[in-house]
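Have a look at the structure first, then read on.

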Amino acid sequence: MIYLNGKFMPIHEAFVPVLDRGFIFGDGVYEVIPVYSRKLFRLNEHLNRLQHSLDGIRLKNPHSSEEWQHLLEQLIDYNDSDDQYIYLHITRGVAKRDHAFPVNVAPTIFIMSNPLLPPATALLSSGVSAITAIDNRWVRCDVKAISLLPNVLLRQLAVDVHAIETILIRDGFLTEGAASNIFVVKDNTLLAPPKSNLMLPGITYDVILELAVTHHIPHEVRQISETETRNADEILLTSSTKEVLPITTLDEKPVGDGKPSIMFNRLYTLYQDFKNTRMRDSS
Ligand code: PMP
């Protein structure tokens, strides 16, 4: 079951008019929220980021946090899996085609949920490949906009060479992945690019940095040059659906010794512990 504009229905019954501004202009924002054991992971943080994205496109939030929570919990109940990921999408609604904002038009609200499967264990033990590309996106990458054409084209460059992600470099510095955040490890220090308008502030990125603080893992939040990225001992990818993955090949060259290494193993274990104690504990 999905949710569309006030109703729950099977996805094959869900239709949006062709003049929806999401279809015409990509004029909307979205969120992806993991659900573990039927509980929403970091809901407040996701709703805060949604608010930031809505503010970024000057669209009024159609619901309070309590209303969102209620809608999402109903959708979780309608779906079978205990672990799900929710895709929540809001557009500026249906109006005669004109770039200017329409007046008094209701937004389109679409929410779906799919089973959330952890990354295959083979990927965790061998690591994954990534390539690099110039970050040619707009300068509001902090807004989780549905207009993802640059991300689609950049990610496809990786898919074309059987790699899993494209790591983006802007003006000589690492920004993020086409659909993930990227961390670099050098000399046992975890390096994270600082949040700015040039990257999406990942919810998983925040969890990883909190774990680094709590567990006294040496870390620095600072700009990371392309050269540092290429000479990294380890590279880690994070996202809500992929959690944390080791990138062991970059542009066909091994990262460090080409195997998942100490920092990945540590953070992966800490992330699983964090998830299991926060989300799986029924007490
Ligand atoms: N950056 C981009 C461009 C993304 O699309 C995503 C989410 N897929 C992320 C970072 C990771 O964000 P999160 O940890 O909140 O999923």
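This is a predicted model: local features need pLDDT of at least 70, side-chain atom pairs count only at pLDDT 80 or more; totals for chains, interfaces and linings use all residues.

Two strands pair if DSSP finds at least two bridges between them.

Let's begin with the whole chain. The protein chain contains eight helices and 15 strands. Its radius of gyration is 19 Å, close to the 19 Å that the globule rule gives for 283 residues, so the chain is as compact as a globular protein of that length. Along the principal axes, the C-alpha atoms fill a box of roughly 55 × 50 × 30 Å. Of the 283 residues, 49% count as buried. Among contacts with a separation of 6 or more, 71% join residues 24 or more positions apart.

The chain carries 27 positive and 34 negative side chains, with the centres of the two sets 4 Å apart.

Now zoom in on strand E10, residues 181-186. Five of its six residues are buried, so E10 is largely enclosed by the rest of the structure.

| Partner of E10 | Sense | Bridges | A bridge pair |
|---|---|---|---|
| E13 (residues 234-239) | antiparallel | five bridges | Asn-181 with Thr-238 |
| E11 (residues 189-192) | antiparallel | three bridges | Val-184 with Leu-191 |

How many residues lie between the strands in the hairpin of E10 and E11? There are two, and Asp-187 in this hairpin takes a positive phi near 50°.

Key: Residues are numbered from 1 along each chain as its sequence is written. Side-chain values use heavy atoms; hydrogens and water are left out. Helices (H or I, at least four residues) and strands (E, at least two) are DSSP runs, numbered from the N terminus. The radius of gyration is taken over C-alpha atoms; the globule rule is 2.2 Å times the number of residues to the power 0.38. Buried means under 20% relative accessible area, exposed over 50%, partly exposed in between (1.4 Å probe, protein chains only). Contact means heavy atoms within 4.5 Å. Lys and Arg count as positive and Asp and Glu as negative; His and the chain ends are not counted. The place of a charge is taken as NZ of Lys, CZ of Arg, CG of Asp or CD of Glu.
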